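Morning, everyone. Please look at the screen while I walk you through one chain.

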Amino acid sequence: MPDPGTPPSGPGPAPAPGGYPGGHPGRYAGPVRILFLDADGTLTDGVIVETPAGDARNFWVRDGLSLLWARHLAVLPVVISGRPSAAVENRMRDLGVECHVNVRNKVEVAERVLAREGARWEECAMLGDDLPDVPLMKRVGWPIAVADAQPEVRAVARTVTARGGGRGAAREVVEMILRHNGTWDQVLRRYEAGE
């Protein structure tokens, strides 16, 4: 299994200044406009708790904060999950993030988002962890796997995060994308946290 800090296909080119800890953005050098994300195992730790009141999930607060930064800086986060989940819907509603649950074909949903936004596949990134994410990852310009993703998912990723799903992987990816887009400094300035 490759080191989480190296793309599965090998070391590739050296990272750009302020580069990407997990690899390079793939076949598209322009700004990333849309970030597709799976929910369970990507935005959560993959544990599902069923209670009489419904399902429960663990979300990493810094992942949520980073999705707000993405939205503010012209990267549209879109969550597409194969499972129905009130917990996921409630968390994404709280963040103001577009969310599609109980989806059987993630590519079809993504195609509708692209048509609506006037975007191209190469302007998109996808963060996933398991086999249902592979078809969408194969279409985007920047496929990204969480550190604890299945080997088949890591194999199609151009970047593998250092952090696991539900433990900061989304935060890491948003920072990579905003650095790539040249807007990360705006986040740092907002918090008076210059590099």
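This is a predicted model: local features need pLDDT of at least 70, side-chain atom pairs count only at pLDDT 80 or more; totals for chains, interfaces and linings use all residues.

Which residues of helix 2 are buried? Helix 2 runs over residues 86-95, and the buried ones are A87, V88, R91, M92 and L95. Now look down the axis of helix 2. The buried residues fall within an arc of 125°, so they line one face of the helix. Here is the background. An α-helix has 3.6 residues a turn, so residues three or four places apart point the same way. Now turn to the other side of helix 2. There, R93 and D94 are exposed.

Next, the two ends. S85 caps the N-terminal end of helix 2. A side-chain oxygen of S85 sits 3.3 Å from the backbone nitrogen of A87. Just after helix 2 comes G96, with a positive phi of about 70°.

**The whole chain**

Let's step back for a moment. The chain has seven helices and eight strands. It has 195 residues, and 51% of them count as buried.

**Helix 1 against helix 6**

Back to helix 1, this time with a partner. Helix 6 covers residues 169-181. How do the axes of helix 1 and helix 6 cross? They come within 7 Å and cross at roughly 25°. An angle under 35 degrees counts as roughly parallel. Helix 1 and helix 6 are therefore roughly parallel to each other. Their crossing is left-handed.

Which residues meet there? From helix 1 we have R62, D63, S66, L67, W69 and A70. From helix 6 we have A169, A170, R171, V174 and L178.

Stay with L178. T183 touches both L178 and L73, leaving aside residues up to four places away in sequence. T183 sits in the loop between helix 6 and helix 7 (184-190). Is T183 buried or exposed? T183 is buried, with a relative accessible area of 14%. The cut-off for buried is under 20%.

**Another buried loop residue**

A149 is in the loop between strand 7 (142-145) and helix 5 (151-156). A149 counts as buried, at 6% relative accessibility. What does A149 touch? Its contacts are G128, D129 and R154, not counting residues up to four places away in sequence. Now find L131, which is 18 residues from A149 along the chain. The C-alpha atoms of A149 and L131 are separated by 9.2 Å.

**Two positive phi values**

Last stop: backbone angles. Most residues other than glycine have a negative phi. With that in mind, look at A74. A74 is not a glycine, yet it has a positive phi of about 70°. A74 lies in the loop between helix 1 and strand 4. A74 is exposed, with a relative accessible area of 61%.

Then there is N102. Its phi is near 60°, again a positive value in a residue other than glycine. Where is N102? N102 is in the loop between strand 5 and helix 3 (106-117). At 40% relative accessibility, N102 counts as partly exposed.

Key: Residues are numbered from 1 along each chain as its sequence is written. Side-chain values use heavy atoms; hydrogens and water are left out. Buried means under 20% relative accessible area, exposed over 50%, partly exposed in between (1.4 Å probe, protein chains only). Helices (H or I, at least four residues) and strands (E, at least two) are DSSP runs, numbered from the N terminus. The arc is that of the directions from the helix axis to the C-beta atoms. A polar contact is a pair of N or O atoms within 3.5 Å; within protein, one must be able to donate a hydrogen and the other to accept it, and residues adjacent in sequence count only if both atoms are side-chain atoms. Axes are lines fitted to C-alpha atoms, for helices over the stretch in contact, and angles run from 0 to 180 degrees between N-to-C directions. Angles under 35 degrees count as roughly parallel, over 145 as roughly antiparallel, 65 to 115 as roughly perpendicular and the rest as oblique. A crossing is left-handed if the near helix is turned anticlockwise from the far one by less than a right angle, and right-handed if clockwise. Contact means heavy atoms within 4.5 Å.
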